[in-house]
Amino acid sequence: MMAAVAQFSFVPSAETRELSGDLQELFDDIDAALPPEQRVYSGECRPALDVVETKNGVEVIVDVAGVPAQALRILFRGDTLLIAGEKAPGPVAAEPTFHLIEREFGRFARGVRLTGAFDVARASASLNAGELTIVLPRLADRRGRAHAIPLTTITEPRS
């Protein structure tokens with residue numbers, strides 16, 4: 001039986017400060033990487049995401065159509081996956097007349113709290129056709145298995 005992995009619960013204030021600092025660093029890094037014409041100076045968007053548990057781990061899929069790879073950052077701290085990015089509007093004609101505006105532009109940050117042990121060193125992320133897919137492989141459960149403990153012989157006499 002698979003355990004639920006996504007939790008949207010209260011985050012202790014110390015952890016919130018750490019994540020807030022991490023988020024600021026991610027946005028600073030994005031700011032440094034993007035040319036001025038790809039920057040967003042106002043606005044906020046909230047891309048949809050799915051969290052899917054597989055037998056080998058967890059996949060997080062985020063809709064990021066129109067967001068270039070250099071405007072995305074991903075961080076895993078403690079039990080929280082943090083995804084940050086910036087979606088700039090495309091170029092428009094001088095003095096456009098809009099009839100309908102539904103697409104969101106701006107900075108975004110999505111956090112997903114995950115339970116379980118993950119092999120973060122083997123985690124991967126890919127961007128394909130507007131979908132960001134993050135794969136977090138689960139560490140093998142070692143509970144209940146016998147583990148041999150090596151014995152070292154000490155040859156010094158006891159005093």
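Helices (H or I, at least four residues) and strands (E, at least two) are DSSP runs, numbered from the N terminus. This is a predicted model, where local features need pLDDT of at least 70, side-chain atom pairs count only at pLDDT 80 or more, and totals for chains, interfaces and linings use all residues. Residues are numbered from 1 along each chain as its sequence is written, and side-chain values use heavy atoms, with hydrogens and water left out.

**View 1. The whole chain, for orientation.** The protein chain has 1 helix and 8 strands, and going along the sequence they come as β-α-β-β-β-β-β-β-β. Buried residues (under 20% relative accessible area, 1.4 Å probe, protein chains only) make up 28% of the 159 residues.

View 2. L127 sits in strand β7 (residues 124-128). With a relative accessible area of 35%, L127 is partly exposed, a label for values between the buried cut-off and the exposed one, which is over 50%. Skip the neighbours within four places in sequence, and L127 is in contact (heavy atoms within 4.5 Å) with V64, V67, P68, A69, L72 and L132. Take V67: 60 residues separate it from L127 in sequence, and the C-alpha to C-alpha distance is 9.6 Å.

View 3. Strand β7 runs antiparallel to β8 (residues 131-137), joined by 5 bridges; two strands pair if DSSP finds at least two bridges between them. The hairpin has 2 residues between the strands, and A129 takes a positive phi near 50°.
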